[in-house]
Amino acid sequence: MRLKLHHTPYVSRRITRDLASCDFVEVRKDKSSIEAEVEKILDADIEKEFALDEKVQEILDAQEEEIEYLNADRRQLFWMTKKRLANDFGVILNNEDRFSDIAHKILDYLWEEDFIHYTCSDNQIKNVIFASLDDFIKGFEKADSEVMSKLKNYKRKLIPGTEDYDLVYHRLYEEELIKRGLI
């Protein structure tokens with residue numbers, strides 16, 4: 001399960017909440033500014049992966065005739081090409097390594113820009129951020145499937161991709177995340 005752009009506001013709130021509730025972290029700026037900066041870091045990471053996906057798609061589209069001729073599995077080719085190009089784009093594909101890298105980036109930024117101070121090792125703060133990311137992703141799938149089942153049984157029919165659908169989805173999703181203690 002990978003992070004998506006519509007997750008970042010929720011994850012940034014969760015990370016900020018978890019950092020603010022630590023006894024060994026002193027928050028020096030308001031929570032909303034911390035959330036905004038964390039969200040920027042998460043969005044930048046996701047956008048790098050989007051750029052990688054677009055490049056891989058471009059490569060496969062250029063080889064479409066050969067792929068069809070060889071009757072190759074396009075999904076498998078996509079994944080293999082993505083793994084090969086990931087380092088060039090600075091994308092880490094392993095979730096655990098990726099979350100660790102993001103946690104370091106967030107910690108470094110918040111420390112250097114004087115958003116937080118702490119009285120423990122860097123690793124403890126990194127672990128708080130990592131746990132926030134990991135817990136969110138684990139809880140996301142359950143929350144998302146619950147929201148999808150609610151949308152299927154919704155009173156009026158909503159068409160995916162419409163503004164109404166997005167509004168209802170985000171409202172139900174946020175309620176589900178609150179109910180699960182993820183935000």
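Visitor: Why is Arg 28 called partly exposed?
Guide: Its relative accessible area is 40%. Buried means under 20%, exposed means over 50%, and partly exposed is what lies in between, with a 1.4 Å probe and protein chains only. The value of 40% falls in between, so Arg 28 counts as partly exposed.

Visitor: What kind of model is this?
Guide: This is a predicted model, in which local features need pLDDT of at least 70 and side-chain atom pairs count only at pLDDT 80 or more, while totals for chains, interfaces and linings use all residues. Residues are numbered from 1 along each chain as its sequence is written, and side-chain values use heavy atoms, with hydrogens and water left out.

Visitor: What makes the pair of Glu 26 and Arg 28 a salt bridge?
Guide: The closest N and O atoms of Glu 26 and Arg 28 are 3.3 Å apart. A salt bridge is a side-chain nitrogen of Lys or Arg within 4 Å of a carboxyl oxygen of Asp or Glu, so the pair qualifies. Glu 26 is also partly exposed, at 42% relative accessibility.

Visitor: Why can such side chains pair at all?
Guide: Side chains of opposite charge can pair when their charged atoms come close.

Visitor: How many salt bridges does this rule give?
Guide: The count comes to 18. Another of them joins Arg 13 and Glu 174, with the closest N and O atoms 3.5 Å apart.

Visitor: Why is the pair of Arg 13 and Glu 174 said to tie together parts of the protein?
Guide: Arg 13 lies in helix α1 (residues 8–20) and Glu 174 in helix α7 (residues 163–179), so the pair ties together parts that are 161 residues apart in sequence. Helices here are DSSP runs of H or I with at least four residues, strands are runs of E with at least two, and both are numbered from the N terminus. Arg 13 has a relative accessible area of 28% and is partly exposed, and Glu 174, at 29%, is partly exposed as well.

Visitor: What is the burial state of Glu 49 and Arg 98, buried or exposed?
Guide: Glu 49 is buried, and so is Arg 98. Their side chains meet in a salt bridge, 2.6 Å from N to O. The pair links distant parts of the chain, with Glu 49 in helix α2 (residues 31–62) and Arg 98 in helix α5, 49 residues apart. Both belong to a network of salt bridges that also links Asp 45, Asp 53 and Lys 82.

Visitor: Which residues does Arg 2 contact, leaving aside its neighbours within four places in sequence?
Guide: Arg 2 is in contact with His 7, Glu 49, Phe 50, Asp 53 and Lys 82, where contact means heavy atoms within 4.5 Å. Arg 2 itself is found in the segment before α1.

Visitor: Why does Phe 115 count as buried?
Guide: Its relative accessibility is 6%, which is under the 20% limit, so Phe 115 is buried. Phe 115 lies in the loop between α5 and β2 (116–118). Not counting residues up to four places away in sequence, Phe 115 touches several residues, including Glu 26, Arg 28 and Tyr 109.

Visitor: Why is Ser 100 called buried?
Guide: At 19%, the relative accessible area of Ser 100 is under 20%, so the residue is buried. Ser 100 lies in helix α5 (residues 95–112). Leaving aside its neighbours within four places in sequence, Ser 100 is in contact with Lys 126 and Phe 130.

Visitor: Which residues form the negative surface patch?
Guide: The patch is formed by Asp 108, Glu 112, Glu 113 and Asp 122. Patch residues have over 30% relative accessible area and no salt bridge; like charges are joined within 9 Å, and nonpolar side chains (Val, Leu, Ile, Met, Phe, Trp, Tyr) within 5 Å. Asp and Glu count as negative, Lys and Arg as positive, and His and the chain ends are not counted. The place of a charge is NZ of Lys, CZ of Arg, CG of Asp or CD of Glu. Asp 122 has 42% relative accessibility, so this residue is over the 30% limit. Asp 122 lies in helix α6 (residues 122–152).

Visitor: How many helices and strands are there in the protein?
Guide: There are 7 helices and 2 strands. Along the sequence they follow the pattern α-β-α-α-α-α-β-α-α.

Terms used: Areas by Shrake-Rupley, 256 points an atom, 1.4 Å probe, with all protein chains shown as cover.
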